[in-house]
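This briefing is meant for a reader who is meeting the structure for the first time. Please keep the sequence and the 3D view at hand while reading the points below.

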Amino acid sequence: MSTKTLSVGIPCYNSAEYMDHAISSILEGAHFSDDIQVIVVDDGSTKDDTFAKAKAWEARYPDLVKAIHQENGGHGMAVLSALEAADGVYFKVCDSDDWYDGDALDSLMKTLRSFIDYDVRVDLVVTNYVYEHVEDGKQNVIDYRFALRRNKVLTWEKIGRFGYDQNLLMHALCYRTDILRDGGIPMPAHTFYVDNIYAYVPLPRCKTLYYLDVDLYRYFIGREDQSVNEKVMAGRIDQQLRVTRIMMDAYHLYDDVESTKLRTYMLDYMNLMMAVCSIFARLSDVPNARLNCDALWEYFKQYDRRMYNYCRKGLIGIGANLPTKMGEKTSIGLYRIIQKVVKFN
């Protein structure tokens, strides 16, 4: 039987410089309550004392913090290790350079406790997240006020239409732990961008969801080596293609997803993933990036023609794949306009 309300996994890799902020924000936000759990996973750090710091937190708060060391396997493997060790009814992830807002976490904990106390089955709790831009000190809040009714237990058929800047990314999601464990999450080792798999594959298992309108997750943007940095993403196009293929293979959405509204949301998510692949294949200097992206589009057509048509023949698919050199420049220009508005990297 779970003894914790919420387990938060923190994947760490050479994170000694900033991990304390993430850990303390969670413990302090939860008022060091005995039903919070922080699981710090050192993913084979080699350049600093990440694991020693994690062990120090565990020694200081042995009932609240678990420290785990594993051989380097990448972000996804660290998330899965935290999930395996979790004692909470609910599970959430916080990257080691991000943090939680204290008041928002307090509201989340109270909400989760009420579900448990009154035996209300809620599979997914959605909260807002905030892009914290270090270069200019500005914030960009992603909320779901026009897509989800607040403070109501919902089914997917009760949701509205999500904007293209409103994807339910990892930062917004708090799953029931059993949802993640029952069926698993197919996250590959040594691969970035697996948070997209985490935010996509479990959704059809969630029969009920709840929107708590608080700005909980603070997402740090600004380090040059960050995985969402444009140059880094272009250099890791092979990993983006790999993650997108795994998401694609997870479902034949028209056949496997009963809810029409959830199906539309997931189609739109896949649409964006394929557009990202197309744009960054054009920005990349990696050999054969364009050919590999074209091969993924061809695989998509053979895998599921209806899903392919939705993604390739809509406005986003066309806009991201304009032919000729001038068309390519236009596609990249459109991406840069969207990037400046949404400020996601």
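What follows is a set of notes, grouped by topic, on a predicted model.

**The nonpolar core**

- The largest nonpolar core has 119 residues, and those that touch the most other members are Leu6, Val125, Tyr144, Leu148 and Tyr198.
- Helix H10, which covers residues 260–283, gives the most to this core, with 14 residues.

- Apart from neighbours within four places in sequence, leucine 253 is in contact with Tyr200, Arg263, Met266, Leu267, Asp304 and Met307.
- Between leucine 253 and tyrosine 144, which stand 109 residues apart along the chain, the C-alpha atoms are separated by 23 Å.
- Threonine 244 is found in helix H8, residues 237–250, and at 0% relative accessibility this threonine also counts as buried.
- With neighbours within four places in sequence left aside, the residues in contact with threonine 244 are Met270, Met273, Met274, Cys277 and Leu296.

**The packing of helices H11 and H12**

- Two packed helices are described by the angle between their axes together with the distance between those axes.
- For helix H11 (residues 289–303) and helix H12 (residues 305–312), the angle is about 135 degrees and the axes are 6 Å apart, which means that H11 is oblique to H12.
- On the side of H11, the residues that meet the other helix are Trp297, Phe300, Lys301 and Tyr303, while H12 brings Arg305, Met307, Tyr308, Cys311 and Arg312.
- The residues of this contact of H11 with H12 divide into six nonpolar and three charged, with no polar ones.

**Cysteines**

- A search of the whole structure for disulfides finds zero of them.
- Cysteine 174 has its closest cysteine sulfur in cysteine 206, and since the two sulfurs are 11 Å apart, they are too far from each other for a bond.
- Cysteine 311 is likewise in no disulfide, the nearest cysteine sulfur being that of cysteine 277, 11 Å away.
- Cysteine 174 counts as buried at 2% relative accessibility, and cysteine 311 is buried with a relative accessible area of 0%.

**Residues with a positive phi**

- Most residues other than glycine have a negative phi, and the following two residues are set against that background.
- Asparagine 151 is not a glycine, yet has a positive phi of about 55 degrees; this asparagine is found in the loop between strand E7 (139–142) and strand E8 (153–154), and at 46% relative accessibility asparagine 151 counts as partly exposed.
- Threonine 324, although not a glycine, has a positive phi of about 75 degrees; the place of this threonine is in helix H14, residues 324–342, and at 61% relative accessibility threonine 324 counts as exposed, because the cut-off for exposed is over 50%.

Key:
Residues numbered from 1 in each chain as written. Predicted model: local features only at pLDDT ≥ 70, side-chain atom pairs only at ≥ 80, totals over all residues. Heavy atoms only, no water. Contact = heavy atoms within 4.5 Å. Axes fitted to C-alpha atoms, helices over the stretch in contact; angles between N-to-C directions. Helix = DSSP H or I, 4+ residues; strand = E, 2+ residues; numbered from the N terminus. Parallel < 35°, antiparallel > 145°, perpendicular 65-115°, else oblique. Nonpolar A, V, L, I, M, F, W, Y, C, P; charged D, E, K, R; others polar. Core = buried A, V, L, I, M, F, W, Y, C linked by side-chain atoms within 4.5 Å. Buried < 20%, exposed > 50% of the residue type's maximum accessible area, 1.4 Å probe, protein only. Disulfide = S-S within 2.5 Å.
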